[in-house]
Amino acid sequence: MTSLIRTGLPAYVMVAGLAFLALLPLLAEWVDNIFLIDLFMRLMILSIAAVGLNLILGYGGMVSFGHAAYLVIGAYAVGIPAYYDIYDGFLQFAIAIFASAAVALVTGAIALRTKGVYFIMITMAFAQMVYFTFVSIEEYGADDGLTINMRSEFAGLLDIEDNFTLYYFVLVSLIAVLGLVYRIVHSRFGMVISGAKGNERRMQAVGFPTYRYRLVCYVISGAICGYAGALLGNFTNFITPEMGDWVHSGELIFMVVLGGAGSLFGPVLGTAVFILLEEYLSRLTQYWHFPFGAMLILVVIFTRGGINGMFRWLGMKSGIGGRS
Amino acid sequence: MDWGLFTIQMLNGVQLGVLLFLLAAGLTLVFGIMDFVNLAHGSLYMMGAYFCATLVQLTDSFVLGVILALPLTALLGWLVELIVVRALYTHDHLDHVLATFGLILCFDTAVDFIWGPTGMAIPLPEILDSHIDLMGGHTFPVFRILIICTGLAVAGFLYVMVAHTRIGMLIRAGASNRTMVMALGVDIGKLFALVFAVGAALAGLAGMLIAPITEASIGMGNEIIIVAFVVIIIGGIGSIKGAFVAAMLVGLIDTMGRSFLDQLLKIFMSSESAETSAPALSAMAIYILMAMVLAFRPQGLFPPKVR
Amino acid sequence: MSGAFLEVRNLYKSYGGIAATDHVDLDVRQSELHAIIGPNGAGKTTLISQLSGEIDPDGGTIRFDGRDMTRTPAYKRSLLGLARSFQITSLMLDMTVLENVALAVQAHAGHSFRFWRAARKDPALTEPAMAALAAVGLQDRANDVAQAMSHGEHRQLEIAMALATKPVLLLLDEPMAGMGVEESKRMVEILRSLKGEKTMLLIEHDMDAVFALADRISVLVYGRVIATGTPEEIRGDEAVRRAYLGDEVA
């Protein structure tokens with residue numbers, strides 16, 4: 001079980017968390033608060049995006065400041081066909097994945113020539129390009145966005161027009177993406193990615209063309225976010241280019257770091273804290289961004305490695321344990 | 001081609017360029033010397049505009065408002081450095097990005113709380129609120145000329161300061177080799193605080209100059225800060241000269257692209273497709289420029305000499 | 001053509017007008033241990049970095065086993081059988097010792113676009129990695145995180161990673177740098193055990209080690225090779241004495 005310990009939190013917490021997510025719709029009905037389903041659906045969709053980002057950010061050490069762009073691409077991959085009355089979900093999701101992967105391939109090929117801050121900035125610049133592209137297409141609503149009249153259809157196999165069904169579709173997607181990322185990071189490919197994060201020069205010296213591996217990793221990460229975008233489009237029924245604004249890319253990074261970059265469940269945890277805190281604070285005061293921002297600053301200054309890191313830090317202080 | 005319109009758009013491009021330079025100058029120094037990525041630089045731009053708007057209301061004078069708001073913004077920058085930024089120098093860039101992202105949220109909310117959600121206009125005195133005649137019956141606002149002159153004056157002042165004073169020497173040395181400055185026995189903490197405060201004042205000045213045209217509004221810095229980052233990366237991080245050249249380049253390309261790209265494209269393609277692709281392309285032009293610079297000259301156009 | 005295993009001709013590299021590698025000719029024969037000595041700043045690491053492909057030379061050629069690889073990227077040289085260890089320890093510090101070496105094995109076990117099967121327990125990787133660790137005496141530390149090891153052990157791990165790539169030529173950049181007497185002795189033993197089996201190019205400051213191990217020695221001063229020969233010849237060379245060894249060995 002060493003691999004699960006590496007994911008940050010004990011396995012039973014994760015299992016309990018997933019069980020909670022699985023039972024939530026029943027709970028929501030029981031307390032007669034359908035809004036909860038929407039809240040957790042959004043949480044899970046953004047979790048998928050965060051898990052995708054974590055693949056390059058946490059495991060690969062590549063800080064992409066433009067991953068919200070893939071959410072937008074995925075969302076429009078549902079929205080644009082729907083605009084032409086094409087609701088075939090298989091087609092829409094395939095477009096979402098392949099279009100995101102294609103954009104990631106082209107932009108990643110250029111961005112990965114740079115390092116550090118330059119990488120952060122160039123990924124952001126590419127995301128801005130995507131954003132402005134959708135802003136300038138009048139046909140698809142430009143700034144005002146696009147309404148999706150009907151959710152994706154899966155040849156009668158699945159009716160996600162029903163919120164319950166969509167909820168479980170998203171949950172299964174989340175579990176599948178987590179499983180996929182788990183396999184990837186423990187595979188030979190994943191070892192190369194973490195090795196290149198630790199010491200790229202050394203990896204080249206022992207014989208790895210690291211650039212190619214990083215690029216493929218970047219493409220996979222973009223495709224996962226594109227998939228999340230397609231879910232998001234279905235969920236909201238209304239999409240705007242604003243979803244790809246750099247601020248949202250920043251939020252995605254924060255979700256990953258908050259939960260602990262480079263751990264499997266960390267991004268899910270981070271997203272949950274982010275979304276629930278946002279929800280809670282925004283009910284307390286309309287000025288909730290202030291405590292939220294302040295908390296962000298404090299987390300960054302006083303902990304390294306997000307909530308997991310904070311637990312570890314507290315644990316070490318009281319001498320309970322933690323890794324030496 | 002309408003040359004009057006062309007001249008106007010050139011001037012507008014230069015005006016955007018000097019505003020970007022005011023923002024980028026502080027950003028590039030803070031980045032170059034302290035290796036600190038400050039996303040919240042745009043918030044200081046916004047705060048400058050709000051300080052100025054309030055002071056203009058109180059004093060009934062635009063000039064007085066600006067003069068009073070400048071030290072106020074510098075003070076705010078100094079406080080930000082002292083309270084938040086200083087604790088982050090030893091962290092990595094990702095932490096800088098996240099923490100200053102948090103600062104943006106705080107500033108935007110604070111403005112909402114203090115000044116309310118609607119923007120604040122800054123009235124101009126009559127002399128500044130007029131137009132001068134250009135050729136072909138076109139006119140150009142006096143205030144925009146003032147912006148251009150102010151920006152160029154600041155650029156000249158910064159150039160002299162960085163090139164010919166002791167502080168400037170330290171700043172140049174710091175941008176290329178930080179350990180050397182520390183080895184010289186300079187109180188690096190003070191130098192950092194000073195640079196940060198001056199950078200804040202410059203950003204604030206940019207906000208004060210744009211606000212009479214666009215109003216001071218929440219989040220006004222969040223889009224332009226990204227463009228300012230594009231500028232310093234094209235120019236070479238830590239280089240004032242690079243920031244100036246890149247700011248002008250970006251200002252002109254952006255403005256001219258938006259006004260004339262459709263006409264340019266019509267030479268190559270049908271007017272219909274030119275009209276649909278021109279807005280997207282012109283909005284992307286500066287990002288394409290940056291991507292090209294990074295791909296072929298990763299250190300920017302004017303990297304500080306030794307790093 | 002001298003038919004040497006590694007043949008360097010007229011290699012040139014300058015930084016800001018100062019030649020770090022000044023028209024260097026160097027021949028390393030098959031199976032020999034060839035040492036390069038020289039005072040600090042002689043350009044030894046710059047030379048080795050050009051041989052391993054991390055730095056592009058400004059001019060000259062590098063031929064290895066008969067083929068020109070002056071412009072071959074670093075990873076390809078490794079795949080061709082050329083391995084280097086670093087002067088400043090260069091490891092994946094957050095990984096375990098075994099993982100570090102297993103990665104070196106993996107690099108030479110076909111492509112790594114394998115996304116599904118777990119790599120950490122793959123015997124095709126771990127077994128050769130353990131063998132390489134055993135060769136340097138680190139087999140008991142296999143599951144420790146690299147960060148937690150001593151400097152001397154880091155140096156040994158460097159060698160193990162180089163060995164794990166099954167190289168025919170080892171480029172060793174000061175493997176004994178910063179080591180204590182005992183650790184140095186150990187390293188000398190490790191290198192001695194590899195002699196004859198691998199061709200080695202050794203950069204080292206520890207003269208006792210160099211003269212004990214080397215078949216031939218080249219002396220590098222200010223980027224130039226001023227002498228090449230057997231240890232005896234180098235000991236007796238007037239130019240070398242004057243330029244470098246002087247008071248140290250004479």
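How many residues of chain B are in contact with chain A? The number is 35, and they touch 35 residues of chain A. Contact means C-beta atoms, placed from the backbone, within 7 Å.

## Basis

This is a predicted model: local features need pLDDT of at least 70, side-chain atom pairs count only at pLDDT 80 or more, and totals for chains, interfaces and linings use all residues. Residues are numbered from 1 along each chain as its sequence is written, while chains are lettered from A in the order in which they are written.

## Chain B against chain A

Helices H4 (93–115), H9 (220–235) and H11 (271–296) of chain B each supply at least two residues to the side that touches chain A. Helices are DSSP runs (H or I, at least four residues), as are strands (E, at least two), numbered from the N terminus. H4(B) gives the most, with 16 residues.

## Helix packing in chain A

H3 (residues 35–57) and H10 (residues 246–259) of chain A pack at about 75°, axes 9 Å apart. Axes are lines fitted to C-alpha atoms over the stretch in contact, and angles run from 0 to 180 degrees between N-to-C directions. H3(A) is therefore roughly perpendicular to H10(A), a term covering 65 to 115 degrees.

H3(A) contributes Leu46(A), Ala49(A), Ala50(A), Leu53(A), Asn54(A) and Leu57(A). H10(A) answers with Leu252(A), Ile253(A), Met255(A) and Val256(A).

## Chain C

Chain C holds 9 helices and 10 strands. Its C-alpha trace spans about 60 × 40 × 35 Å along the principal axes.

Definitions and conventions: Parallel < 35°, antiparallel > 145°, perpendicular 65-115°, else oblique. Contact = placed C-beta atoms within 7 Å.
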